[in-house]
Amino acid sequence: MIIGLTGGIGSGKSTVAQMFEELGAEILDADKIGHQLILPHTPVWEKIVSSFGKDILQKDLYINRKKLGNLVFNDYRLLKKLNEIMHPQIIKIIEEKIRKEKSKKCQNDLDKSILIIEAALIYETKLEKLMDKIIVVSIQEEEQIKRLRERNALSREDILKRIRAQFPLEEKIKKADYIVDNNHSLDCTRKQVKRIWAELIQKR
């Protein structure tokens, strides 16, 4: 069973994914894939440096993601360029993982694993067509801003630019099969995750 887990930036997707993992799900994190793709001297790293210049590099040649983020979220054309470099490669890896899972299921009908793809841009990249179900992590915008300021030390203006660059959370919620309301305590979130997990287990 292939489940998409998405939501807005700073909504708590990783926390929710960890809760599902503790219950037995296998997690594939699109952010982690992206971080691996941009390691120094990889093909994607080469394309990004060629497109954005060496000023985005740290002394150790790693890409300064904060500096790159400030660039692209202040210019839609640059964000589009970065997405055109990154997204096809991330999607390729996700699709390959899904193919392997589907193949395992064909080879062994008793295989009943649940793979959760954690990705902010499931709808933006049309990945939802590969999913059996979609879970959206919901959060109020002010809480989202508060958490991002604490986590990333960004200004309100910079945070809003990042939020606006994504598919509106309200639209994601409308398309969701399940919603996790992450505005309250961790215990409250965990209860919702357990309820959804129980339903997924029954349906797989």
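## Largest pocket

The lining of the largest pocket is made up of 21 nonpolar, 13 polar and 13 charged residues. The structure is a predicted model. In this model the largest pocket holds about 1600 Å³ of space. Its lining comprises 47 residues, and those closest to the pocket centre are Ile9, Asp31, Phe73, Ala120 and Gln166.

The biggest share comes from H5, which supplies eleven residues.

## Second largest pocket

The second largest pocket has a volume of about 170 Å³. Thirteen residues line the second largest pocket, with Glu141, Ile163, Pro168, Leu169 and Glu170 nearest its centre. Two or more lining residues come from each of H6, helix H7 (156-164) and helix H8 (169-175). Sorted by class, the lining of the second largest pocket has six nonpolar, four polar and three charged residues.

## Aromatic pairs

There are two aromatic pairs in the structure. One of them joins phenylalanine 20 and tryptophan 197 in a tilted arrangement, with 6.3 Å between the ring centres and 55 degrees between the planes. This pair connects distant parts of the chain, as phenylalanine 20 belongs to helix H1 and tryptophan 197 to helix H9 (residues 186-203), 177 residues apart. Phenylalanine 20 counts as buried because its relative accessibility is 0%, under the 20% cut-off. Tryptophan 197, at 11% relative accessible area, is therefore buried too, again under 20%.

Tyrosine 123 and phenylalanine 167 also form a tilted pair, at 5.9 Å centre to centre and with 35 degrees between the planes. Here too the pair links distant parts of the chain, 44 residues apart. Tyrosine 123 sits in the loop between strand E3 (115-118) and strand E4 (133-138), while phenylalanine 167 sits in the loop between H7 and H8. Tyrosine 123 has 7% relative accessibility and so counts as buried. Phenylalanine 167, in contrast, counts as partly exposed because its relative accessibility is 29%, which falls between the 20% and 50% limits.

## Lysine over a ring

A charged side chain is also placed against an aromatic ring: lysine 81 lies over the face of phenylalanine 52. The distance from lysine 81 to the ring centre of phenylalanine 52 is 5.9 Å.

Definitions and conventions:
Residues are numbered from 1 along each chain as its sequence is written. This is a predicted model: local features need pLDDT of at least 70, side-chain atom pairs count only at pLDDT 80 or more; totals for chains, interfaces and linings use all residues. Side-chain values use heavy atoms; hydrogens and water are left out. On a 1 Å grid over the protein atoms alone, a cavity is a set of points where a 1.4 Å probe fits but cannot get out, and a pocket is an open set with protein on both sides within 12 Å along at least five of seven lines; lining residues have an atom within 4 Å of a point. Grid points are joined across faces, edges and corners, and a volume is the space filled by probe spheres set on the points. Helices (H or I, at least four residues) and strands (E, at least two) are DSSP runs, numbered from the N terminus. Ala, Val, Leu, Ile, Met, Phe, Trp, Tyr, Cys and Pro count as nonpolar, Asp, Glu, Lys and Arg as charged, and the others, Gly among them, as polar. Rings of Phe, Tyr and Trp (its six-membered ring) pair if their centres lie within 6.5 Å; planes under 30 degrees apart count as stacked, over 60 as edge-to-face and the rest as tilted. Buried means under 20% relative accessible area, exposed over 50%, partly exposed in between (1.4 Å probe, protein chains only). A charge sits over a ring if NZ of Lys or CZ of Arg is within 6 Å of the ring centre and within 35 degrees of the ring normal.
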